[in-house]
Amino acid sequence: MNPPQNPPPSVKKLTEIFFRIGNTTFGGGYVTIGMLGRELVDARRWINAEKFDLAFAIARVTPGTNLIAFCAAIGALICGVAGAIGAVLALTAPSSALAVLIAYGFERWQGNRIAMAAIGGTVAAVAGMMWATIWIILKPHVGGTTWNGMIRNLQVVLIAGGAFVASWIFGLTPLPIILAGTLTGFLWKDAKKP
Amino acid sequence: MNLLVLYLLLLKASVTSFSGLGSLPMVRDDFVVERHLLTDHQLNMAVVAGRTGPGPFGLYLVCVAYEVGGIPGACVGFLALITPAFLVIPLMRWIGARADIPRVRSAIRGLLLASVGLLVSSSVPLTQDAFTGVFSVILMVASFAVLTFTRIDSAWLMLGAAGAGLAASLFR
């Protein structure tokens, strides 16, 4: 059962959260989504885990960059269209400006031993963050040791494992893999009791 | 280059992909192969810049636009990057209204699990790339543990990792 939710914040407060997390989280979209989940679902309880998962799933099939669509979806669910616009701009505008600055300065940094040592440390941390994010996303979908829990675990292994094999071994593109996963879920109902 | 054409080219690449770097083949085809507006090296640097800072990997589109059209180009690239995201709002309304139907919920779960599989597949090469020895493994495990078991902000984690990388280089 979901814990009780807190009332929605103002657009300004929501925008502040997206600004802080979006512009201080390194490692790409999934890591940022994991951080937003910790903040919005677990810490502040502005949205429940089911709606968060729904936003994640729909953002995955929205054209473009998943993370930006995800922010628009979460912003819209919490504060309406104004929340969506605020979330997207707060997350992308400052980091875009920074990316342009990095593009400008990157060739100069390549000769700088201090900068490269610091970047090397952050690259390793980002790899650890990616695996933490996988666990954060997967955790609510792992069942227990009951019969239904075992069935749910089997679904996790077969769908997530199948997607991994299809991408890693057979080199399929994400879209057919996602469609196959969605179809499998549709045909093989979740064993979780409502 | 005409900014409207730049916007439309980047929008085409963005709207026909479903992940941050998914648009890369189309961008390369349009900007490097067809129009010779960028070299492969410039495109590579744009991708690295997009991955180095915070935010989504798709930010490399802004860097591509900057390389082609300067600051006005970067602004246009930014617009092309965020435009498709708002398609999610009507999609949410349509699917969200049906989210309590068990089969729809199961389909969403299937989609989520498939996404996790894809994420694992893209995390493996990143992890291999980040592996430089025992020290990098310690940093990876520490960052996994900090994010999973504590509430420490990831910005502090990144700062600590950068400091650790710097300290390690002094002892080499």
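Me: Let's start with one helix pair. Which residues of H6(A) and H7(A) meet?

Reply: This is a predicted model, so keep that in mind throughout. From H6(A) come A:Ile159, A:Ala163, A:Ala166 and A:Ser167. They meet A:Ile177, A:Gly181, A:Thr184 and A:Gly185 of H7(A). By class, that contact has four nonpolar and four polar residues, with no charged ones.

Me: How do I describe the way H6(A) and H7(A) pack?

Reply: Two numbers describe a packed pair of helices: the angle between the axes and the distance between them. Here the angle is about 160°, and the axes of H6(A) and H7(A) lie 10 Å apart. Angles over 145 degrees count as roughly antiparallel, so H6(A) is roughly antiparallel to H7(A).

Me: Is the crossing of H6(A) and H7(A) left-handed or right-handed?

Reply: The crossing of these two helices is right-handed.

Me: Now step back. What elements make up chain A?

Reply: Chain A has seven helices and zero strands. From the N terminus, the order reads α-α-α-α-α-α-α. The C-alpha atoms fill a box of roughly 60 × 45 × 30 Å along the principal axes. Of the 194 residues in chain A, 52% count as buried.

Me: Which domains does the assignment give for chain A?

Reply: Domain 1 covers 11-141, and domain 2 covers 143-194. Their C-alpha centres lie 25 Å apart.

Me: How do I read the interface? How many residues of chain A are in contact with chain B?

Reply: The size of an interface is often given as the accessible area lost when the parts come together. Here we count residues instead. On chain A, 83 residues are in contact with 84 residues of chain B. Helices H2 (29-43), H3 (49-60), H4 (66-109), H5 (113-138), H6 (147-168) and H7 (174-187) of chain A each supply at least two residues of that side. By class, the side of chain A that touches chain B has 53 nonpolar, 26 polar and four charged residues.

Me: Where is B:Val104, and what is it in contact with beyond its neighbours within four places in sequence?

Reply: B:Val104 sits in helix H6 (residues 102-130) of chain B. Beyond those sequence neighbours, B:Val104 is in contact with B:Arg98 and B:Ala99. B:Tyr60 is 44 residues away along the chain, and 34 Å separates its C-alpha atom from that of B:Val104.

How values were computed. Residues are numbered from 1 along each chain as its sequence is written. Chains are lettered from A and ligands numbered from 1 in the order in which they are written. This is a predicted model: local features need pLDDT of at least 70, side-chain atom pairs count only at pLDDT 80 or more; totals for chains, interfaces and linings use all residues. Two residues are in contact if their C-beta atoms, placed from the backbone, lie within 7 Å. Ala, Val, Leu, Ile, Met, Phe, Trp, Tyr, Cys and Pro count as nonpolar, Asp, Glu, Lys and Arg as charged, and the others, Gly among them, as polar. A residue is buried if 20 or more other C-beta atoms lie within 10 Å of its own, exposed if 12 or fewer, and partly exposed in between; C-beta atoms are placed from the backbone. Domain bounds come from an automatic or database domain assignment. Axes are lines fitted to C-alpha atoms, for helices over the stretch in contact, and angles run from 0 to 180 degrees between N-to-C directions. Angles under 35 degrees count as roughly parallel, over 145 as roughly antiparallel, 65 to 115 as roughly perpendicular and the rest as oblique. A crossing is left-handed if the near helix is turned anticlockwise from the far one by less than a right angle, and right-handed if clockwise.
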